[in-house]
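Q: Hey, I'm new to this one. Can you walk me through it?
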Amino acid sequence: MQSAHRVTFEVVREDQSRTTERLRRGDVMAAVTSDPRPVPGCRVVRLGSMRYRAVATPPGSRTTCPTAPSRPRWAGLR
């Protein structure tokens, strides 16, 4: 038989470069962080990695980077 326990969590969003400090201060009980070193009393579990790819629509790239290479030139840079 399963007993009913009500648990409430507040999810706090913070940049991954700042979450270790919040963990150290006791503000949070778990964190996703970019720091590979564990905080005392905690353990580190690697979540994986992400590859970032810069993308933009043609109008957006012309507005943001008007001197950027054209698409045919980018294709030759791969």
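Predicted model: local features only at pLDDT ≥ 70, side-chain atom pairs only at ≥ 80, totals over all residues.

Q: Where does Val7 lie relative to helix 1?
A: Val7 is in the segment before helix 1, and that helix covers 19-25.

Q: Which residues make the nonpolar surface patch?
A: Val7, Phe9 and Met29 make that patch, and its area is about 390 Å².

Q: OK, switching to charges. How many salt bridges does the structure hold?
A: There are 5 salt bridges in the structure. The general idea is that side chains of opposite charge can pair when their charged atoms come close.

Q: What does Arg18 form with Glu14?
A: Arg18 and Glu14 form a salt bridge, with 3.6 Å between the closest N and O atoms.

Q: And which side chain meets Glu14 in a salt bridge at 3.1 Å?
A: That one is Arg22, with the 3.1 Å taken from N to O.

Q: Are those on the surface or tucked away, I mean is Arg18 exposed or buried?
A: Arg18 counts as exposed because its relative accessibility is 51%, and the cut-off for exposed is over 50%. Glu14, at 32% relative accessibility, counts as partly exposed.

Q: What about Arg25, which residue does its side chain meet in a salt bridge?
A: Arg25 meets Asp27, at 2.5 Å from N to O. Asp27 is partly exposed, with a relative accessible area of 39%.

Q: Which residues are linked in a network of salt bridges?
A: The network links Glu14, Arg18, Arg22, Arg25 and Asp27.

Q: Let's change topic. Where is the place of Asp35?
A: Asp35 sits in the loop between helix 1 and helix 2, and helix 2 covers 58-64.

Q: Is Asp35 buried or exposed?
A: Asp35 counts as buried, because its relative accessibility is 15% and buried means under 20%.

Q: What joins the side chains of Asp35 and Arg37?
A: A polar contact of 3.0 Å joins Asp35 and Arg37.

Q: One last thing, how many residues apart along the chain are Asp35 and Thr19?
A: Asp35 and Thr19 are 16 residues apart along the chain, and their C-alpha atoms are separated by 8.9 Å.

Notes. Residues numbered from 1 in each chain as written. Heavy atoms only, no water. Patch = residues over 30% accessible without salt bridge, like charges linked within 9 Å, V, L, I, M, F, W, Y side chains within 5 Å. Areas by Shrake-Rupley, 256 points an atom, 1.4 Å probe, with all protein chains shown as cover. Salt bridge = Lys/Arg side-chain N within 4 Å of Asp/Glu carboxyl O. Helix = DSSP H or I, 4+ residues; strand = E, 2+ residues; numbered from the N terminus. Buried < 20%, exposed > 50% of the residue type's maximum accessible area, 1.4 Å probe, protein only. Polar contact = N/O pair within 3.5 Å; in protein donor to acceptor, adjacent residues only side chain to side chain.
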